[in-house]
Protein chains: 2
Amino acid sequence: MRMLVVGSVAFDDIQTPFGIKKNVLGGAASHFSIAAAPLIAPKIIAVVGNDFPEKYFTYFEKFGIDTQGIEKSDGKTFHWSGYYEHDMAIAHTRTTELGAFATFEPKLTEEDKLRQVLFLANIDPVIQYKVLKQMKNVQLVGFDSMNFWIESKRKDVWKMVKEADIVFLNDAEVRMLAEEASLIKAAKIIQKKGPSAVIVKKGEHGVTGVTKDEIFVSPAYPTEEVLDPTGAGDSFAGGCMSYLVANTQPGKHITSDILRKAVSWGSAVASFAVEGFSTDGVAKATRKNIETRMSVIKKLTAF
Amino acid sequence: MRMLVVGSVAFDDIQTPFGIKKNVLGGAASHFSIAAAPLIAPKIIAVVGNDFPEKYFTYFEKFGIDTQGIEKSDGKTFHWSGYYEHDMAIAHTRTTELGAFATFEPKLTEEDKLRQVLFLANIDPVIQYKVLKQMKNVQLVGFDSMNFWIESKRKDVWKMVKEADIVFLNDAEVRMLAEEASLIKAAKIIQKKGPSAVIVKKGEHGVTGVTKDEIFVSPAYPTEEVLDPTGAGDSFAGGCMSYLVANTQPGKHITSDILRKAVSWGSAVASFAVEGFSTDGVAKATRKNIETRMSVIKKLTAF
């Protein structure tokens, strides 16, 4: 199966207790795609400004990522500036300059519309829905969002949730969307609206998954030093989706075992992501070293 | 092996989103002992005021708990009043009236001093140390503390950590004590001071354990509705310590497998504790239903 990811490709200014980086490659689609690449390099649908250097196209292509859908527009590339204090679970935004992304209207080719797997990274749910409705043969839809959209376009987020197969949200977003303080209850409320699985991302506390049939838990890889958590959630989703695609037949039911392994694969990939700034960490993930970390994760909870 | 627990027996006023209870049985030693009882009912060393009703002695004894060490003093019983908002991970204290507990000097009999297992629940670390130094043949020492003591008597807390076998602290306390933001690094710093294991309690996010040889993780039981989290940590410790005592030979090394199972047993016991106010929840835990929940916990992370 071939995978399409729709989302941001951006510049980031990042400050963490471990350093400051300016104008580095960022954006959900960038992190997602590089994280997926060891198994399935996707095609990116995004828009950048005319300030976006050619070298990043070459960089993406090195991973086998299809950059034909990254439109070069007039104006500037989406630019996020933020910082983390010692609690690296919380990103503090300094500025968000949408640039060319402000008027982003994803353009799908006829070939794109025939892709079987779609990941809708965190963008306006109205745009996500428009993209989804163009797809003619999609078998697996991953969906991400954020507090901003849940607050400002709650109905549109729910509309997307109902159409998605795998919903990726963090614990605060799950509680906010379901308007329910109990995390398990909240995830169940969301799952009952339609998706096969709600994957609750909890950072260093790992992942809780809720399906129609069960609840499962996957611990995070026990990373001692997080250099930069930016994009960790997107990298997790990229790893997870790529594992599902690589291990499932088109249109077939995703088994509990495959889903659990996919989440664990995603956690292993994300553990590389946080070890470097920008996409430097996740770029070091290979099938082999991901497998090694996945077996560490498996052993963490064994008894 | 026989177990001694030194800590508070108290009255609590508790308000949660699910109800208000006044003057109910509380205190770390109470929760701990009832949680331990399905495997090993301990002897409690504590002090209460002359307002403490006889019915609670009978109640403890119903679980096989030895109440001979609960001294009745002049004055009032330790009284905590607090509330929880929707984030039940955070207890807000309204008032703490130490009463008879303010001048608590645990009195050990000669027989007490020969006990092989000691759990020092969260009290002044200077008092904990005094108790420990009276023990003549202790094989296994569990230790708990809190932010208040870490801030006010840091050196005394470290002194206790060095002498303890199993250190029970929550994630914030571990970071605070080690003065290190990375949880894994912080737990390792504490473990290196002497204890066999540092058991990091993370509430709904489960437990991270750090020993000389390894890191392990145990998820929490997926409880949908927490009625009252008061005493959940003490109940966890009670379950965990009782499992260790029931499954280890005196003076023998605690294996990784036994420790992991003990933590999982403790999590299962704690899941009962949060289902009722005061000790009503944990009182419903039996060997059989704890085992059932332990197997649910085991399956949560299996792949």
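The model is predicted, and local features need pLDDT of at least 70, side-chain atom pairs count only at pLDDT 80 or more, and totals for chains, interfaces and linings use all residues. Residues are numbered from 1 along each chain as its sequence is written, chains are lettered from A in the order in which they are written, and side-chain values use heavy atoms, with hydrogens and water left out.

**View 1. Overall form of chain A.** Chain A contains eleven helices and 13 strands; helices (H or I, at least four residues) and strands (E, at least two) are DSSP runs, numbered from the N terminus. Its radius of gyration, taken over C-alpha atoms, is 18 Å, close to the 19 Å that the globule rule gives for 303 residues, so chain A is as compact as a globular protein of that length. The globule rule is 2.2 Å times the number of residues to the power 0.38. Along the principal axes, the C-alpha atoms of chain A fill a box of roughly 55 × 45 × 35 Å. Of its 303 residues, 58% count as buried, where buried means under 20% relative accessible area, exposed over 50%, and partly exposed in between (1.4 Å probe, protein chains only).

View 2. Rolling a probe the size of a water molecule over the atoms shows where empty space is left. A cavity is a set of points, on a 1 Å grid over the protein atoms alone, where a 1.4 Å probe fits but cannot get out; lining residues have an atom within 4 Å of a point. One cavity of 30 Å³ or more is counted, and the largest cavity has a volume of about 50 Å³. Grid points are joined across faces, edges and corners, and the volume is the space filled by probe spheres set on the points. Chain A lines the largest cavity with A:Leu300, A:Thr301, A:Ala302 and A:Phe303, while the residues from chain B include B:Arg260 and B:Ile297. Strand S13 (residues 215-218) of chain B gives the most to this lining, with three residues. The lining divides into seven nonpolar, two polar and one charged residue; Ala, Val, Leu, Ile, Met, Phe, Trp, Tyr, Cys and Pro count as nonpolar, Asp, Glu, Lys and Arg as charged, and the others, Gly among them, as polar.

View 3. A:Asp144 belongs to strand S9 (residues 140-144) of chain A and is buried at 4% relative accessibility. Setting aside residues up to four places away in sequence, its contacts (heavy atoms within 4.5 Å) include A:Phe119, A:Gln128, A:Lys201 and A:Asp234.

**View 4. Surroundings of B:Lys201.** Strand S11 (residues 197-201) of chain B holds B:Lys201, which is buried with a relative accessible area of 13%. Beyond its neighbours within four places in sequence, B:Lys201 is in contact with residues including B:Asp144, B:Asp171, B:Gly233 and B:Phe236.

**View 5. Positive phi in two loops of chain B.** B:Glu179, although not a glycine, has a positive phi of about 55°. This residue lies in the loop between helix H7 (171-178) and helix H8 (183-191) and is exposed at 62% relative accessibility. B:Ser278 also has a positive phi, near 50°, in the loop between helix H10 (256-273) and helix H11 (287-300), but B:Ser278 is buried, with a relative accessible area of 7%.

Methods:
On a 1 Å grid over the protein atoms alone, a cavity is a set of points where a 1.4 Å probe fits but cannot get out, and a pocket is an open set with protein on both sides within 12 Å along at least five of seven lines; lining residues have an atom within 4 Å of a point.
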